Amino acid sequence: MPKNSKVVKRELDDEVIESVKDLLSNEDSSDDAFKKSELMVDDQEEKDVDVEEGSDVEDERPAWNSKLQYILAQVGFSVGLGNVWRFPYLCQKNGGGAYLVPYLILLLIIGIPLFFLELAVGQRIRRGSIGVWNYISPKLGGIGFASCVVCFFVALYYNVIIGWSLFYFSQSFQHPLPWDQCPLVKNASHTFVEPECEKSSATTYYWYREALNISSSLSESGGLNWKMTICLLAAWVMVCLAMIKGIQSSGKIMYFSSLFPYVVLLCFLIRGLLLNGSVDGIRHMFTPKLEIMLEPKVWREAATQVFFALGLGFGGVIAFSSYNKRDNNCHFDAVLVSFINFFTSVLATLVVFAVLGFKANIINEKCVTQNSEKILKLLKMGNLSQDMIPHHINFSSITAKDYNLVYDIIQKVKEKQFESLGLKSCQIEDELNKAVQGTGLAFIAFTEAMTHFPASPFWSVMFFLMLVNLGLGSMFGTIEGIITPIVDTFKVRKEILTVICCLVAFFIGLIFVQRSGNYFVTMFDDYSATLPLLIVVILENIAVIRIYGIDKFMEDLKDMLGFSPSQYYYYMWKYVSPFVLLCLLVASIVQMGLSPPGYNAWIEDTAMEEFHSYPTWGMIVCISLMVLAILPVPIVFMVRRCNLIDDSSGSLASVSYKRGRIIKEPVNLEGDNTSLIHGKSPSEVPSPNFGKNIYRKQTGSPTLDTAPNGRYGIGYLMADMPDMPESDL
């Protein structure tokens, strides 16, 4: 070969090397983008692929700033007003300390397992309630919509209670408290005590007449109560501002709204234990009545309380959990939050009965004084003999023990004429046995007890501020149970949806601030949630255990937690919990059928409550609330069953690029058996070999260019493969 030909060959080789380097350098940037991407395909048969991977949701979805913030959010949602005014009542009514036994058993059987299940599915699928149940079974997607409807119904009246608490909070900054004494009425001739107040009590009168200005029946609207309308508006403004940025705004508020109630409860407990009679109240509370514990009604009420105390079925638990990292230990969270909830209920019970014991002691002292005066009058009139009275008794400073001694003697001696004497026994237990719950406990009994506290305005401010915070914590979870599923499903802006939701709820909620509004609160509380939520949770259990598969679910838990959950949960979810829930559903239906549907109306003339049956239109409303709450389940089932809506959930997925990752696009790929399509990652599949001329560069395109299958392509198009659809990649 001539010398000059070698030079030419060397130059040609150099050009080839340079061109190859150029090609490789261009390909490297493409490969880097591809390697940073993540392939996600959805196979109906292979649902172990995370629904989040390969979507832009994982990049955009908010997350908790810390584990503490998340725990406080779950605690704030589960610990609500029911812990303060429902649990103590049930404990007193159903055997005192013995009631804790069935409650703890049912907490372990249905409470913790079902709470754990909701936490797990929310964290695993990272969607709200609608997205979670659509993913598990599109035909049961109505479960999520039903949860949203129930959340909306509950939010309507729950925020009214927060409004009531705000009203009492605003009235607590004065001394004496406005409900301390009955008001005086003046006319032309003389001044007298308001008759309605004189027949009841100062706190009862203030609640029904000053705060609610209540009408005599459900049918008598009476117009809007402007004071409560303003308080309701303030409550919805607070909720809207706290929720407008989702967990980014509400999460920070949780540090105060979740922790402040514990500070108040501890302060009340310490103060209550220093009051006369508080020990009597606590002793009465926890004295076990074992014979009552065996009654079926006790177990039904304990199961219902466990169910609602943890917020099961509302969707708030799933929504909060969906913002967690996928490897979060949700089992620890379930056990921790459940027992925090239980111990909060016990703490609230101690506080309530310490204060009620003090109140009962004061009432008992008044009873002793009044009846001692009656005995003195009877002695002067000669109806009773002085010989009947023991010599050490001094009626000017008589104790409850001495009075009971005199009472027993008179009862034995004057057995036939005793009833005509009009004497009362004045036993502190009789006062403590008067079961009070709900608004009657918070706004009447507890409020009356606080009027006897030193510095009563301070304690009143603290108490009602605690109620506001307890209510807000539960409201945040309830609203999150509405907002998160809708945002995840319909991709609307969270800020706009939150404002619209709060506005609509406020205007609908005006029915609760009429003069008859309290009766509507009772109606919604009795009929809008109980049965629908039981059905929702039963369907949740069936969806996960039967349709998704309990074995597959246990594998998912092992993958998330890093360890296998106890087989205890396997048997609870598969056998015990569904059976207990079905029994509870049947018992609730029977109880609802046996109890006449009605409400307690306040009668102004007698200053007493009187039971009224619902009118026909009221019964229609009650039935409509239950039907509307559960209606989404059969509607979605029939729509999906009859294919009225195109459902691509069972198809495979194509791939496309977005933000440096490959996202799924549903298409039909039946018949394609390549390992790439069946969910294997690129590293598990041999690189395809399409021949030597696989790439041709686009004319004038940069290294990264816009491509039809995503925001950024890789600068090259497939060559020598005409009419190749994206899905065949």
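The secondary structure of this chain comes to 29 helices and eight strands, where helices (H or I, at least four residues) and strands (E, at least two) are DSSP runs numbered from the N terminus. This is a predicted model, in which local features need pLDDT of at least 70 and side-chain atom pairs count only at pLDDT 80 or more, while totals for chains, interfaces and linings use all residues. Residues are numbered from 1 along each chain as its sequence is written, and side-chain values use heavy atoms, with hydrogens and water left out.

**The chain as a whole**

- Of the 729 residues in the chain, 52% are buried; buried means under 20% relative accessible area, exposed means over 50%, and partly exposed is in between (1.4 Å probe, protein chains only).
- The accessible surface comes to about 34000 Å², and carbon and sulfur atoms hold 60% of that; accessible areas come from the Shrake-Rupley method with a 1.4 Å probe, and for residues only the protein chains shown count as cover.
- Among contacts (heavy atoms within 4.5 Å) with a separation of 6 or more, 78% are between residues 24 or more positions apart.

**Cysteines to look at**

- A disulfide is a covalent bond between the sulfur atoms of two cysteines.
- Here, a disulfide is counted when a pair of cysteine sulfur atoms lies within 2.5 Å, and the count comes to one disulfide.
- That disulfide joins C182 to C197, with an S to S distance of 1.9 Å.
- The two cysteines are 15 residues apart and link distant parts of the chain: C182 is in the loop between α8 and β1, and C197 is in helix α9 (residues 195-199).
- The disulfide of C182 and C197 is left-handed, because the torsion about its S-S bond is about -80°.
- C182 is partly exposed at a relative accessible area of 25%, whereas C197 is buried at 1%.

**Backbone features**

- Most residues other than glycine have a negative phi, and most peptide bonds are trans.
- The peptide bond from H175 to P176 is cis, with omega near 0°, and P176 sits in the loop between α8 (142-170) and β1 (184-186).
- R126, a residue other than glycine, has a positive phi near 55°.
- You will find R126 in the loop between α6 (100-125) and α7 (129-136), where R126 is buried with a relative accessible area of 9%.
- N213 is not a glycine either, yet its phi is positive at about 45°.
- N213 belongs to the loop between α10 (202-211) and α11 (226-243), and at 30% relative accessibility N213 counts as partly exposed.

**Around N324**

- N324 lies in the loop between α17 (316-321) and α18 (330-381) and is buried, at 6% relative accessibility.
- Leaving aside neighbours within four places in sequence, N324 is in contact with W64, Y70, Q123 and R126.
- One of these partners, R126, is the residue with the positive phi near 55°.
- The side chains of N324 and Y70 are joined by a polar contact of 3.4 Å; a polar contact is a pair of N or O atoms within 3.5 Å, and within protein one must be able to donate a hydrogen and the other to accept it, with residues adjacent in sequence counting only if both atoms are side-chain atoms.
- N324 and R61 are 263 residues apart along the chain, and their C-alpha atoms are separated by 9.9 Å.
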